[in-house]
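Subject: Structure for your review

Dear colleague,

Please find below the structure that I am handing over to you. My findings follow directly after it.

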Amino acid sequence: SSSGALVSGTSLFASLLLASPMRRSPTDDVLPHVPPVPVPAALPPVAARFWRYVQVHTASDPDSGATPSTLCQKDLARILAAELRLLGLDAIEMDAHGYVYATLPGIQAEGLPTLGLIAHVDTSPDAPGDGVHPVLHRNYQGGVLPLPGDTSVTLDPARQPSLRAHLGHDLLTSDGTTLLGSDDKAGVAVIMQVVADFLNAD
């Protein structure tokens, strides 16, 4: 079982007109998560979020009958709830199972649907998921890319042809000793960034 994050809006145009000030109470005054490996300068905001989130251990346990299957998943859930409060959202809830719910109010427009954005925070137990050290590879130029923590682990366009479409791009990987956790912390980061961008929209 996995924890998740859900953000819903009341219409297709949910946050386009949001201009509400940040609403906080003293009990919400929680600092954002500071990861052991600092976020590199000039990372796009969504990538910076992802960089922080992958460093929170959330591996699942297929032999557990609990929900979530590991308590560490709630660590990231609590971080997400705190960040949503800092963004200024109300009606944020984290339930006993680690699910985080938040509502992004929209304009009440007849006939427009409510949208739910959903992602999960648990990662695969098939590779180590604790102590993730993300690595930024600037300006990938093709060829085999050994990962610095274990150089026997490589990205190789012969094995992963999709790499050829990313020449000149920056790549974000683990150091090769753990998984990275992009399934589905990339989805979590995108949802959180969408909320932040909508709240900051003019």
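In what follows, contact, or touching, means heavy atoms within 4.5 Å. The model is a predicted one, in which local features need pLDDT of at least 70 and side-chain atom pairs count only at pLDDT 80 or more, while totals for chains, interfaces and linings use all residues. Residues are numbered from 1 along each chain as its sequence is written, and side-chain values use heavy atoms, with hydrogens and water left out.

I begin with Ser60, which is found in the loop between α1 and α2; helices are DSSP runs of H or I with at least four residues, strands are runs of E with at least two, and both are numbered from the N terminus. Not counting residues up to four places away in sequence, Ser60 touches Ser69, Thr70, Gln73, Asp122, Thr123 and Pro125. Ser60 counts as buried because its relative accessibility is 16% (buried means under 20% relative accessible area, exposed over 50%, partly exposed in between, with a 1.4 Å probe and protein chains only).

Thr70 also has its place in the loop between α1 (45–53) and α2 (73–87). With 16% relative accessibility, Thr70 counts as buried. A polar atom of the Thr70 side chain lies 2.7 Å from the backbone oxygen of Ala59.

Finally, helix α3 (residues 182–199) has 18 residues. Among its buried residues are Gly187, Val188, Ile191 and Val195.

Yours sincerely

Conventions:
The expected span of a helix is 1.5 Å times one less than its number of residues. A polar contact is a pair of N or O atoms within 3.5 Å; within protein, one must be able to donate a hydrogen and the other to accept it, and residues adjacent in sequence count only if both atoms are side-chain atoms.
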